[in-house]
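Hi everyone, thanks for making time for this.

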Amino acid sequence: MKQQILTITENVPVTKTVYRMTLTGEDLGQQKAGGFINIRLDGLFLRRPISVYDSAPGSLTILYKVVGRGTERMSGMKPGETLDVLTGLGNGYDLSKAGETPLLLGGGVGIPPLYLLAKQLTAAGKTVHAVLGFNTAEEVFGEEAFKALGCAVTVATADGSYGVKGFVTDALPEAYSYFYTCGPEPMLRAVYRAAKSSGQFSFEERMGCGFGACMGCSCKTITGYKRICREGPVLEKEEILWDD
Ligand SMILES: Cc1cc2nc3c(=O)[nH]c(=O)nc-3n(C[C@H](O)[C@H](O)[C@H](O)COP(=O)(O)OP(=O)(O)OC[C@H]3O[C@@H](n4cnc5c(N)ncnc54)[C@H](O)[C@@H]3O)c2cc1C
Ligand code: FES
């Protein structure tokens, strides 16, 4: 983990509520797929965690949805302004288990961490299928970006206004070697039930203090409770014990 001041070089809307922000810094290293950063915003006690969407030495990009005070404030920031950011957080996805035909399942703002993962998997010669889920057509983003990496892409919308009607679990391909998923918890539970292979889950919804003190982010596993902010956000399918 590293605390650094990063400079905004881009902050643009990609849908009505989702923004893409690129940050640069001389000491910024390559970030892990499935890792996250924690952003301090003036006047807000808790930092706001956001997954790494894309990364290269010297720059990183995030996609964030405006849902409250912190993200609202971020959406008004301009290139040249700076942010106090903790980088290098989170265990990230384990790419060594992907097999040859991994499946990526993302819901809404669970999609961003899957982009860097897709980039690394396609660079390693894997045949990647991404299923991206949204509520409705006007929320759709990322389809072209994943296609540009060489992924097969299926989009599902709950109201059927774009792509397959239904949830990501209604658009699963017949065969895949392994899966990686990130999205709202009801989606993750549905993926857990529907998936035919082993896989990894990234949890974005559970976070309190963000630094290991409150246990507000804990998830029950076969080896005891794990803190999403410290031991996560990625957990393996076989270790998760879902609360009823
Ligand atoms: C590891 C991790 C990675 C994340 N990655 C991303 C990302 O890539 N892109 C992105 O848009 N968001 C991501 N989130 C969620 C993001 O952290 C929250 O949306 C953000 O902190 C909200 O801040 P706020 O001040 O705007 O909203 P607040 O004022 O804090 O809250 C406004 C509303 O949003 C709800 N909310 C707050 N936090 C979350 C959350 N974690 N999940 C769902 N609802 C929440 C609150 O219950 C409230 O209703 C991630 C969260 C975690 C834990
Ligand atoms: S958010 Fe407080 S321990 Fe993880």
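So, look at Gly68: one of its polar backbone atoms is 3.1 Å from an oxygen atom of ligand 1. Just so you know, this is a predicted model. Arg69 has a backbone N or O atom 3.5 Å from an oxygen atom of ligand 1. Over at Ser51, a backbone N or O atom lies 3.0 Å from a nitrogen atom of the ligand.

Okay, how much of ligand 1 does the protein cover? On its own, ligand 1 has 870 Å² of accessible area, and the protein covers 71% of that. And where does ligand 1 sit? In the largest pocket.

Now for the surroundings. There are 18 residues around ligand 1, and the closest ones are Arg48, Pro49, Lys65, Gly70 and Thr71. If you sort that shell by type, you get nine nonpolar residues, four polar ones and five charged ones. Which elements give two or more residues to the shell? Those are strand 4, running 48-51, strand 6, running 59-65, and helix 1, running 69-75. Strand 4 supplies the largest share, with four residues.

Let's stay on strand 4 for a minute, starting with Ser51, which belongs to that strand. Is Ser51 buried or exposed? Its relative accessible area is 10%, and buried means under 20%, so Ser51 is buried. You've already seen its backbone next to the ligand's nitrogen atom, at 3.0 Å. The side chain of Ser51 has a partner too: a polar contact of 2.7 Å joins it to the side chain of Glu204.

Ile50 is also found in strand 4. Ile50 counts as buried because its relative accessibility is 12%.

One last stop, and that's Phe146. You'll find Phe146 in helix 3, which covers residues 143-148. Phe146 has a relative accessibility of 1%, so this residue counts as buried. How far apart in space are Phe146 and Tyr115? From C-alpha to C-alpha they are 6.8 Å apart, while in sequence they are 31 residues apart.

Terms used:
Residues are numbered from 1 along each chain as its sequence is written. Chains are lettered from A and ligands numbered from 1 in the order in which they are written. This is a predicted model: local features need pLDDT of at least 70, side-chain atom pairs count only at pLDDT 80 or more; totals for chains, interfaces and linings use all residues. Side-chain values use heavy atoms; hydrogens and water are left out. A residue is near a molecule or strand if one of its heavy atoms lies within 4 Å of it. A polar contact is a pair of N or O atoms within 3.5 Å; within protein, one must be able to donate a hydrogen and the other to accept it, and residues adjacent in sequence count only if both atoms are side-chain atoms. Accessible areas come from the Shrake-Rupley method with a 1.4 Å probe; for residues, only the protein chains shown count as cover. On a 1 Å grid over the protein atoms alone, a cavity is a set of points where a 1.4 Å probe fits but cannot get out, and a pocket is an open set with protein on both sides within 12 Å along at least five of seven lines; lining residues have an atom within 4 Å of a point. A molecule sits in a cavity or pocket if more than half of its atoms lie within 2 Å of its grid points. Ala, Val, Leu, Ile, Met, Phe, Trp, Tyr, Cys and Pro count as nonpolar, Asp, Glu, Lys and Arg as charged, and the others, Gly among them, as polar. Buried means under 20% relative accessible area, exposed over 50%, partly exposed in between (1.4 Å probe, protein chains only).
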